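Me: I would like to go through this structure slowly, one question at a time. Could we begin with one of the helices and then turn to other parts of the chain?

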Amino acid sequence: MTLDYAYDILYKDAPFSIDKADMERIDRCYEFLKEFAGDKVIYGINTGFGPMAQWRVADEFLTDLQYNIIRSHSTGAGEPLSLIDIKAAMIARVGVFIQGKSGVHRSIVSLLKEFINRNIYPFIPRHGSVGASGDLVQLAHIALTLIGEGEVYYNGSWQPTSRVMEETGLSPVTMHIREGLSATNGTSVMTGISIVNQYLAEQLLRLATLSALWMNEIAGSYDDLMSAPLNEYRRHAGQIWIASEMRRLSKGSGCLVKREHELYDNGHSDESTFEHKVQAYYSLRCVPQILGPIKETLDNSRRVIEEELNSASDNPIVDPETRNVYHGGNFHGDYISLEEDKVKIAIVRLVMTAERQLNYLFHDRINGILPPFLNIGTLGLNYGMQACQFTATSTTAECQTLAMPNYVHSIPNNNDNQDIVSMGTNTALLTRQVIINACQVMAIHFIALAQATDCLEISGKLAPATRKAYDAVRHIIGTRIDDKPFYKEIEAVGNMLRNFKID
């Protein structure tokens with residue numbers, strides 16, 4: 001599965017399908033395990049779990065063993081995850097099973113597919129995972145609904161799973177060999193949250209690139225900050241891409257200035273001071289150098305998340321090809337935890353840059369061309385966007401607090417069986433908060449860009465790409481002269497930007 005395929009399901013309501021070859025692979029693995037496990041000691045099939053693996057479980061209790069891990073581990077706390085995260089987690093869980101290395105019966109995969117396509121969402125609490133043995137607690141909450149227990153969200157409300165199954169004609173799965181352990185073991189919840197994070201983070205980067213161009217149009221910057229030779233001599237792929245994208249988006253702009261025309265060809269050598277800044281502030285001029293590393297960070301996180309989506313993150317690994325069952329730690333969430341910390345830090349840097357650009361727009365003594373706080377009304381009587389900066393600054397400050405890496409926060413537990421853990425799901429959720437914050441700041445930023453455009457009366461000179469963004473903002477909020485509340489418009493612009501298509 002690709003991330004783009006997952007996004008079609010999550011954001012376009014495309015149906016989720018499982019190939020015949022995938023189901024056959026699941027069947028082969030199941031049949032092999034049924035044959036192989038008969039007279040052997042295999043973790044989680046005829047032993048206890050975790051530190052209790054040293055105890056053999058009698059044959060007459062093996063089915064109970066699989067139900068017990070689901071019920072005993074359904075111990076999460078807090079608010080449920082968002083519905084889109086829950087669906088993404090189920091997609092990620094199917095991604096594990098179709099590798100054909102879990103030994104599960106096909107019925108569990110088929111039921112997950114039905115949940116995904118019918119928009120049936122298991123109750124998954126926010127808290128519970130330490131990210132080693134994967135997301136044991138939160139996956140147990142998914143598994144609880146697969147056996148017909150717990151709660152699901154369906155048709156607008158939380159309901160008992162049993163009632164929804166009866167209404168939809170679905171049947172709970174039964175335990176065959178190791179369905180209980182396989183359903184609860186792995187990184188699927190942290191991966192699902194990260195899939196959604198990736199989508200939102202990539203959109204934020206596109207918006208940051210567009211807004212940076214718009215900023216430079218408002219400032220009347222020299223366009224060589226995005227020139228190909230300048231940025232290619234630095235050699236970093238991300239920087240080169242951002243500069244190239246800015247050049248592409250800037251086509252048709254009447255606001256940017258050619259340095260060679262203004263300073264090289266027109267002969268300013270006899271001037272002692274220059275009214276127009278020879279070089280813009282760093283938050284405007286260094287955009288390729290700042291956003292470039294963020295681009296490369298997101299490219300790498302996309303690769304890691306997609307690999308995890310297509311990985312066997314179970315334990316033990318059941319391998320029909322080598323006819324063996326391997327015990328190890330594929331459930332450990334370090335890959336996701338470390339990448340999500342990188343994404344979190346990158347987005348904090350992105351929002352810090354946006355906040356500094358906002359400060360440039362609001363600070364008349366810095367920009368030299370705009371009224372204080374973009375106030376088109378009566379100075380002193382009216383306040384423009386002054387208070388919007390308070391929100392942007394405080395929200396950015398919270399992001400900076402959350403920038404501390406969570407990957408390094410391991411606390412041993414489980415009788416020290418889990419003596420070093422990833423905290424991957426916590427990391428992904430903290431990254432989500434940073435992304436939500438960044439979306440709020442970006443909404444204020446786009447409103448300010450539109451207001452600054454009107455202050456200078458340059459909407460007709462914008463590049464088509466930035467003019468499209470200007471029109472989208474102005475469709476929600478008009479030019480502000482009189483003082484009115486902003487909060488509803490900030491939310492509306494934020495919602496618009498999440499789905500704004502940059503041509």
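Me: How many of the 33 residues of α18 are buried?
Reply: This is a predicted model, and in it helix α18 is mostly covered. Of the 33 residues in α18, the number that are buried is 26.

Me: What distance does helix α18 reach from its first C-alpha to its last?
Reply: Helix α18 takes in residues 424–456, which makes 33 residues. At 1.5 Å a residue, the expected span is 48 Å, and the helix comes close to that value. From the first C-alpha of α18 to the last, the reach is 47 Å.

Me: Which residue follows α18, and near what value is its phi?
Reply: The residue that follows α18 is E457, and its phi is positive. The phi of E457 is near 55 degrees.

Me: Why does D454 count as buried?
Reply: D454 lies in helix α18, and leaving out residues up to four places away in sequence, D454 touches Y470, R474 and T479. A residue is called buried when its relative accessible area is under 20%. D454 counts as buried because its relative accessibility is 16%.

Me: What share of the residues in the chain is buried?
Reply: The chain has a secondary structure of 20 helices and 7 strands, and its C-alpha trace spans about 95 × 50 × 40 Å along the principal axes. Among contacts in the chain with a separation of 6 or more, 79% are between residues 24 or more positions apart. Of the 503 residues in the chain, the buried share is 53%.

Me: Which element gives the largest share of the lining of the largest pocket?
Reply: The largest pocket has a volume of about 580 Å³. Of the 30 residues that line this pocket, Y43, F49, G50, P51 and N414 are the closest to its centre. The elements that give two or more residues to the lining are α3 (62–72) and α6 (136–146). The largest share, 4 residues, comes from α3.

Me: How many charged residues are in the lining of the largest pocket?
Reply: Sorted by class, the lining of the largest pocket has 13 nonpolar residues and 17 polar ones. The number of charged residues in that lining is none.

Me: Is H141 buried or exposed?
Reply: H141 is found in helix α6. Leaving aside neighbours within four places in sequence, H141 is in contact with S74, T75, G76, P122, F123, I124 and P125. Since the relative accessible area of H141 is 8%, and the cut-off for this class is under 20%, H141 is buried.

Me: How far apart in space are H141 and V152, C-alpha to C-alpha?
Reply: Along the sequence, H141 and V152 are 11 residues apart. In space, the C-alpha to C-alpha distance between H141 and V152 is 9.9 Å.

Me: Which residue in β4 stands opposite Y121?
Reply: An open sheet of 3 strands has the order β2-β4-β5, and its pairing is antiparallel. The edge strands, each of which pairs on one side only, are β2 (121–122) and β5 (157–160). Strand β4, residues 151–154, pairs with β2 in the antiparallel sense over 2 bridges. Opposite Y121, the residue in β4 is Y153.

Me: Which element supplies the largest share of the lining of the largest cavity?
Reply: There are 4 cavities of 30 Å³ or more, and about 50 Å³ of space lies in the largest cavity. The residues that line the largest cavity include A208, V287 and L350, and the lining divides into 6 nonpolar, 3 polar and no charged residues. At least two residues of this lining are supplied by each of α9 (188–219), α14 (287–309) and α15 (334–362). The largest share, 4 residues, comes from α15.

Me: How many charged residues are in the lining of the second largest cavity?
Reply: The second largest cavity has a volume of about 40 Å³, and the residues that line it are N375, G384, R480, I481, D482, D483, K484 and F486. By class, that lining has 2 nonpolar and 2 polar residues, and the number of charged residues is 4.

Conventions:
Residues are numbered from 1 along each chain as its sequence is written. This is a predicted model: local features need pLDDT of at least 70, side-chain atom pairs count only at pLDDT 80 or more; totals for chains, interfaces and linings use all residues. Side-chain values use heavy atoms; hydrogens and water are left out. On a 1 Å grid over the protein atoms alone, a cavity is a set of points where a 1.4 Å probe fits but cannot get out, and a pocket is an open set with protein on both sides within 12 Å along at least five of seven lines; lining residues have an atom within 4 Å of a point. Grid points are joined across faces, edges and corners, and a volume is the space filled by probe spheres set on the points. Ala, Val, Leu, Ile, Met, Phe, Trp, Tyr, Cys and Pro count as nonpolar, Asp, Glu, Lys and Arg as charged, and the others, Gly among them, as polar. Two strands pair if DSSP finds at least two bridges between them. The expected span of a helix is 1.5 Å times one less than its number of residues. Buried means under 20% relative accessible area, exposed over 50%, partly exposed in between (1.4 Å probe, protein chains only). Contact means heavy atoms within 4.5 Å.
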